[in-house]
Amino acid sequence: MSAGPALLLYLGYGIELAAVVSSILMTLTLLSVIGTGDTNHSHKGMPHNIIRADSFKRIAQALKNRNMLLYMATFLAFQFAIELVLLSLGYIMNILVFPNSSIADSMVGVFELVAIVAAILLSPLMVRHVDKRGFKSSYLTFGAAFAGSSFFMSTLGLPSFPWNFLLLFTVAVSFGFGFLTLMILPSSVLSNIIDEAAIPTGERNDGFFFGMQGLFGIIGMSMAQFFVGIFLAFTYLKNGSSFYVRLLPVVAGVSIMASLLIFNKIRLLEKKQ
């Protein structure tokens, strides 16, 4: 799959065209596997064309499930935001926070480490919040905290030392809410949606639903990679203005807020704790 874009770069075509081709190839590859997997043991020994037809039937049923569609849109936007922030870190550290400094690349790893440690330490808080408020409220609360950290990330490099380090540490800790939300809540929320979808038919399709979640997650990541490449190629790389680098986490924050607005429309069958 990488041979096509690599060939375009070798022949002298721009990075923009190579990014577009790479994204299209990845999307087509992912879409081509839909319907080829099967998690229903009752299909053992059946012809592949019948199994494939049943898989597409399940896809059609999933597309009629309002909660499923809303959840996948939410997950795609959230995954897009997470990947966008991670891709932006290198530019933010090298251009905004530590310009012309040898520690810039190292600070990217430090930022991610602080965020992950914060997510681990905050996980009991999320568990307690879920017990008291439910999955939906927890997703909205912790997701909003992650959106706030993304917006604040655009201010990195503005304060003078040592306030810049303090702000960097604060943003890294609050970014841990994003990791925490992505690691814990999506699978729990999706399980509730699967329970609801199984009520009319009595048939559970856990593998299918979680497979769709993985597909939409990869699509969201691909969209973020495509966006960063194209956006910076036509803005920062042309005029050198750091303003466009600051816009990257802002776009991520807007994407998170959009995902929360979509998620708020989901009607979950909350289980009593």
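In this tour, a residue is called buried when its relative accessible area is under 20%, exposed when over 50%, and partly exposed in between, using a 1.4 Å probe and protein chains only. You are looking at a predicted model, where local features need pLDDT of at least 70 and side-chain atom pairs count only at pLDDT 80 or more, while totals for chains, interfaces and linings use all residues. Residues are numbered from 1 along each chain as its sequence is written, and side-chain values use heavy atoms, leaving out hydrogens and water.

**Stop one: aromatic pairs**

Select Phe 78, which is buried because its relative accessible area is 1%. The whole structure holds ten aromatic pairs. Rings of Phe, Tyr and Trp (its six-membered ring) pair if their centres lie within 6.5 Å; planes under 30 degrees apart are stacked, over 60 edge-to-face, and the rest tilted. Helices here are DSSP runs (H or I, at least four residues), numbered from the N terminus. Phe 146 is buried too, at 0% relative accessibility.

Next, pick Phe 231 and Tyr 244, an edge-to-face pair with 6.2 Å from centre to centre and 70° between the planes. Phe 231 sits in helix H8 (residues 206-234) and Tyr 244 in helix H10 (residues 243-263), so the pair ties together parts 13 residues apart in sequence. Which of the two is buried? Phe 231 is, at 18% relative accessible area, whereas Tyr 244 is partly exposed at 24%.

To see a cluster linked by ring pairs, select Phe 78, Phe 111, Tyr 139, Phe 146, Phe 175 and Phe 263.

Go to Gly 90 in helix H4 (residues 66-97). Gly 90 is partly exposed, with a relative accessible area of 26%. Its C-alpha atom is separated by 8.9 Å from that of Met 107, 17 residues away along the chain.

Then move to Asn 100, in the loop between H4 and helix H5 (104-133). Most residues other than glycine have a negative phi. Asn 100 has a positive phi of about 60° although it is not a glycine. Asn 100 is exposed, at 84% relative accessibility.

**Last stop: helix H5**

Finish on Val 117 in helix H5, which is partly exposed at 39% relative accessible area.

Technical notes:
Helix = DSSP H or I, 4+ residues; strand = E, 2+ residues; numbered from the N terminus.
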